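This briefing covers the fold, the overall dimensions, the surface and one residue of a single chain. The structure comes first, and the notes follow by topic.

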Amino acid sequence: MTAVLRIVNRVLLGLAGLLLVVLGGSALAVGLGVDPPSWWIHDGRHDVLLSDADRTRWRAEGWWWPAVIAALAVAVLLALWWLAAVLRRRRLAEVLVDTGDGEGALLRGRALEGVLAAEAGALEGVRGAKASLTGRRRAPEARVRLLLEPHADPGETLTRLTTESLTHARDSAGLASLPAEARLRAAKHGPERVN
């Protein structure tokens, strides 16, 4: 979902920027005395964007104001969705560890991610591993991506990841559970020569 959000973010910002540059540049050019084409929205230096006739044209129609309000409401909801998606943190910054004395301690999320990735990367048949934590401080969730050697058994690797790496991470952080999503990908290898 993050890739889709990143693409939507870039497309919306690009379109908004392009629209503002075109409209602002055209208003500046007409204001400086450039003769606009006949179909352009500005006729001359003292022209207004909306005339009195244009502004009051649809006012008497029964559908006009509900349509305007609905369009503005959709625009506001889309803008709020976009803002919330941009401001939301993807990775968990810290994990709350229960120390048993009722206080608790904070463990940096990057530290736990690093240890989890190092331990998963040390498993037999794993060429590389990356880990990230999402969720809440009291209930983190792990996402682990493994790059497997061509000869590795995915089932065995997944079992060892669950019973060793994820179990150690859960126990060391004092968590009741650590839900995880694992993505396994096989490494490409070159052709083998047979003599």
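From the N terminus on, the elements of the chain follow the order α-α-α-β-β-α-β-β-α-β. That makes 5 helices and 5 strands. The radius of gyration is 29 Å, well over the 16 Å that the globule rule gives for 195 residues, so the chain is more spread out than a compact globule. The model is a predicted one.

**Dimensions and contacts**
- The C-alpha trace of the chain spans about 75 × 65 × 35 Å along its principal axes.
- Among contacts in the chain with a separation of 6 or more, 50% are made by residues 24 or more positions apart.

- Buried residues make up 19% of the 195 in the chain.
- The chain has an accessible surface of about 14,500 Å², and carbon and sulfur atoms account for 60% of that surface.

**Ala173**
- Ala173 sits in the loop between α5 (154-172) and β5 (180-186).
- Ala173 counts as buried because its relative accessibility is 0%, and the cut-off for buried is under 20%.
- Beyond its neighbours within four places in sequence, Ala173 is in contact with Val97, Asp98, Leu107 and Leu112.
- Leu106 is 67 residues from Ala173 in sequence, and the C-alpha to C-alpha distance between Leu106 and Ala173 is 9.6 Å.

Notes. Residues numbered from 1 in each chain as written. Predicted model: local features only at pLDDT ≥ 70, side-chain atom pairs only at ≥ 80, totals over all residues. Heavy atoms only, no water. Helix = DSSP H or I, 4+ residues; strand = E, 2+ residues; numbered from the N terminus. Rg over C-alpha atoms; globule rule 2.2 N^0.38 Å. Buried < 20%, exposed > 50% of the residue type's maximum accessible area, 1.4 Å probe, protein only. Contact = heavy atoms within 4.5 Å. Areas by Shrake-Rupley, 256 points an atom, 1.4 Å probe, with all protein chains shown as cover.
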